[in-house]
Amino acid sequence: MDKKKYVALVTGATGGLGTHICKRLSDDGYIVCANYRTKEKADAWHRKMTEEGYHFHMYQADVSDYDSVGAMVGTIHNDHGTIDVLVNNAGITKDGAFKKMSRDNWDAVIGANLTSVFNCCRHVINPMLDKSYGRIINISSVNGQRAQFGQVNYAAAKAGMHGITKTLAIETASKGITVNTISPGYVATDMVMAVAPEIRNKIIEGIPVGRMGGTEEIAHLVSFLASPHSAFIPGANYAINGGQHVF
Ligand code: CAA
């Protein structure tokens with residue numbers, strides 16, 4: 001099957017996971033639309049990717065803003081046609097003990113990690129339904145499946161993401177669309193490396209595989225779920241955490 005005709009949108013493309021997801025989908029033959037928020041970082045990233053031989057199409061939008069996402073999706077539709085694969089990967093942390101958590105840190109994390117999924121799904125879903133094809137992959141977290149001290153906001157968003165996955169999956173399953181969640185454990189991205197080394201090392205000691213995950217290992221699972229051959233998998237939540245949380 002000629003995958004060249006498939007268009008993929010990856011949100012938060014310039015981050016650690018996003019970069020490898022874009023590379024893997026490009027290697028698989030997709031037209032890759034890379035969403036970013038901050039122009040300066042994105043320009044440097046795009047230059048680096050181009051030097052490495054990757055051809056990504058860059059699209060700015062704040063995924064927590066409904067209208068901003070709508071404008072981006074409209075432009076992508078004009079440029080490349082309907083989006084076939086949406087990877088909701090954008091996310092932030094604002095960790096802190098709940099007793100000190102500010103309303104701003106709650107709103108920011110829920111906006112970027114959960115409302116963003118509503119925004120992006122809502123804008124791509126009707127064209128996918130019209131085309132009777134779609135793959136939506138929501139990048140959640142092991143910390144949406146278990147507890148992590150200091151992450152009430154993040155855990156709520158990441159658990160909520162799978163709530164969207166399950167219901168949207170059954171609403172669209174008869175139309176050739178699959179919606180799934182991937183819940184990565186600790187992967188050596190900037191986000192994880194921002195955790196204080198003594199806390200991070202303790203967490204790594206609790207991972208049975210004995211190491212953090214690789215970004216390419218998460219991208220491999222995205223590639224699998226994005227495939228047209230994964231048509232019989234709606235509404236699943238794939239744990240990929242080195243055995244840190246087995247249930
Ligand atoms: N367990 C139990 N108690 C803890 C604790 C812990 N892990 N950490 C702190 N405490 C206690 C402190 O002793 C303190 O107690 P008292 O009030 O009695 O003195 C209280 O909780 C508050 O402590 P702090 O002032 O240190 O709390 P803080 O608001 O600064 O936050 C923290 C601490 C920064 C959240 C720290 O616990 C931490 O870094 N935790 C790890 C968070 C984490 O794993 N984040 C993952 C980011 S990457 C990611 O999210 C990607 C992914 O999907 C996996």
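Which residues does G91 touch, not counting residues up to four places away in sequence? In this predicted model, the residues in contact with G91 are A112, N113 and M191. G91 is placed in the loop that runs between β4 (85–88) and α4. Its relative accessibility is 30%, so G91 counts as partly exposed. Between G91 and M212 there are 19 Å in space, C-alpha to C-alpha, and the two residues are 121 residues apart in sequence.

The packing of helices was examined next. Two packed helices are described by the angle between their axes and the distance between the axes. For α4 and helix α6 (residues 152–172), the angle is about 15° and the axes are 8 Å apart. This angle makes α4 roughly parallel to α6, because angles under 35 degrees count as roughly parallel. The two helices, α4 and α6, cross in a right-handed manner. On the side of α4, the contact is made by N105, W106, V109, I110, N113, L114, V117, F118, C121, I125 and L129. On the side of α6, it is made by V152, N153, Y154, A156, A157, K158, G160, M161, I164, L168 and T172. By residue class, the contact of α4 with α6 comprises 16 nonpolar, five polar and one charged. N113, one of the α4 residues in this contact, is also among the residues touched by G91.

The crossing in which α1 passes α9 is right-handed. From α1, the residues G16, L17, H20, I21, R24 and L25 take part. Their partners in α9 are T215, E216, I218, A219, H220, V222, S223 and A226. The residues of the contact of α1 with α9 fall into seven nonpolar, five polar and two charged.

M49 belongs to helix α2 (residues 39–51). With a relative accessibility of 1%, M49 counts as buried, because the cut-off for buried is under 20%. When residues up to four places away in sequence are left out, M49 touches T19, K23, Y54 and F56. The C-alpha atom of M49 is separated by 9.8 Å from that of C22, and the two residues are 27 residues apart along the chain.

Aromatic rings were also considered. A pair of aromatic rings is described by the distance of the centres and the angle of the planes. The structure holds six aromatic pairs. One of them joins Y6 and Y133, with 5.3 Å centre to centre and 55° between the planes, and this pair is tilted. Y6 lies in the segment before β1 (7–10) and Y133 in the loop between α4 (103–131) and β5 (134–139), so the pair ties together parts that are 127 residues apart in sequence. Y6 counts as buried at 8% relative accessibility, and Y133 counts as buried at 14%. Together with Y30, the residues Y6 and Y133 form one aromatic cluster.

The loop between α4 and β5 also holds S132. S132 is not a glycine, yet its phi is positive, at about 55°. The relative accessibility of S132 is 42%, so S132 counts as partly exposed.

Notes. Residues numbered from 1 in each chain as written. Predicted model: local features only at pLDDT ≥ 70, side-chain atom pairs only at ≥ 80, totals over all residues. Heavy atoms only, no water. Left-handed = near helix turned anticlockwise from the far one by under 90°. Helix = DSSP H or I, 4+ residues; strand = E, 2+ residues; numbered from the N terminus. Contact = heavy atoms within 4.5 Å. Nonpolar A, V, L, I, M, F, W, Y, C, P; charged D, E, K, R; others polar. Phe/Tyr/Trp six-rings, centres within 6.5 Å; stacked < 30°, edge-to-face > 60°. Buried < 20%, exposed > 50% of the residue type's maximum accessible area, 1.4 Å probe, protein only. Axes fitted to C-alpha atoms, helices over the stretch in contact; angles between N-to-C directions. Parallel < 35°, antiparallel > 145°, perpendicular 65-115°, else oblique.
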